[in-house]
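I opened this notebook to record what I looked up, entry by entry.

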Amino acid sequence: MNRLTAGQLISFALFIAIQVLLLKNIQIAFLEQFSLSILIYPIIIILLPVSFGRSAIIVSAFAIGLIVDVFYDSPGVHAATLVFTAFIRSIVLGLIEPRLGYRANDMIEKDHYGLNWFLSYVGILLFVHIFIYFSIDAFSFVFILKIFVNTIVSFIVSYLLIILYKLIF
Amino acid sequence: MSYQQTGFKGFAHIITFLVCELLAFILIINFNQTQRDIFLHSSSLFSGNLLKTSAQVKDYLSLQQSNDELLAENARLLNEIINMPRSEAPVPDAGQIAYSVIPARIINNNITSVRNLITIDKGSRDSIATSLGVTTPDGIVGIVRTVNHQFSSVISLLNIEIRISASIENENYFGTITWDGKSYKSLSLSGIPIHANFEIGDKVVTNGYSTIFPEGLLIGTIASFDVGKDGAFFEIEVTPSTDFANLDHVYVLKDNFAADIISLNQDE
């Protein structure tokens, strides 16, 4: 029941490929000290079936993060971030659990529990992910303004991209 | 089926989470220069601050000593500068040095009287004697009047009794600097003949005709001038270049040839 289909695995690989080959190159600096990064790979962890073991998800997150890190040349930064997102995921799932419960064995989809639920669930986790990413990247809250501005701008673009993709496919 | 009932009890995932985060952060700190720098800096932040505070306290306690060292160094350099024109050899022998420079600190200063005196913290044990010149890098201060073992009393330029032989820079005419006892921003230079050429702003310097000051030390700049009553000499107002209201460190100049010069004059 915890098996992923070959199609899903290929789509994960595609997400990572798009992230590291395409979106990595779109890092736009603005106002001298801020920069925009588009991060879509956390969607893999975010949308894994609810029935997946929490430890398994965390280990998967670590692995995916490391792969991304290899391409971003930032050993551990994406891994630490995605592991944190994976950990938070189970808490968020518990907090915003629909009244009728989860369809545990399927990938989380926009039409399972209503679009509003899907938008807020993806939004919360993606925002946390991007915030943690910029925090670890800056590694000091001395840069708190930079962290917040980068997070908000990057979150908006990444979120729109993911939602657009999910609404189309 | 409720999420809480899906069977993921216990804390195994928390341990997995912590282990993965630990691994990730080990990677971050070992392989990312920026984060590594910040990490190393942060972990030494507390001890670093402590060390900095203690160093600051230590610095403060040794301020006096470092000041004295700097003063001695300045005196040595000033000594070299003053003796440069007179010494032809690159490094003059101790016996050949015309002026010795003795650093001193002002411990009492006055500018409100008409006979202002300055007390310095050097006396006869530091080989200070009467009639030595006292100067700062900005300009001359006065002449030593009385000396005891530890301290000396200096007649300030701001004393109606002072007479200092002075010239306008690059002019050979010499006159006398006096103070009228009014403004501490104004000295008077008398005895410059009416045919001398100079302008407002020209420098007034010591002329080296006495054994008190070497030639060319700054006294002040010409503020205004007028023809005197007898019509033969200018009466020149000079703004002193020394800020007498803000004196701290001074240098006492000792002419090592003074005895020779004085005995020569007495022979005549």
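Before the strands could be compared, I noted that two strands pair if DSSP finds at least two bridges between them. I took helices (H or I, at least four residues) and strands (E, at least two) as DSSP runs, numbered from the N terminus.

Entry on the source. The model is predicted: local features need pLDDT of at least 70, side-chain atom pairs count only at pLDDT 80 or more, and totals for chains, interfaces and linings use all residues. Residues are numbered from 1 along each chain as its sequence is written, while chains are lettered from A and ligands numbered from 1 in the order in which they are written.

Entry on strand pairing in chain B. I looked up strand β3 (residues 133-135) of chain B and found it joined to β4(B) by three bridges, the two running antiparallel. Within this pair, Thr135(B) stands opposite Ile140(B) of β4(B). Four residues lie between β3(B) and β4(B), which form a hairpin.

I then followed β4(B) to strand β5 (residues 152-159) of chain B; five bridges join these antiparallel strands. Here Thr146(B) faces Ser153(B) in β5(B). The link from β4(B) to β5(B) is again a hairpin, through four residues.

Entry on burial. I counted a residue as buried if 20 or more other C-beta atoms lie within 10 Å of its own, as exposed if 12 or fewer do, and as partly exposed in between, with C-beta atoms placed from the backbone. Is strand β4 (residues 140-147) of chain B largely enclosed or largely open? It is largely enclosed by the rest of the structure, because six of its eight residues are buried. For chain B as a whole, 28% of the 268 residues count as buried.

Entry on helix α1 (residues 6-22) of chain A. I found one buried residue among the 17 of α1(A), so this helix lies largely in the open.

Entry on the contact between the chains. Two residues are in contact if their C-beta atoms, placed from the backbone, lie within 7 Å. The contact takes 28 residues from chain A and 22 from chain B. On the side of chain A that touches chain B, α3 (54-72) and α4 (77-95) of chain A each supply at least two residues. The most comes from α4(A), with nine residues.
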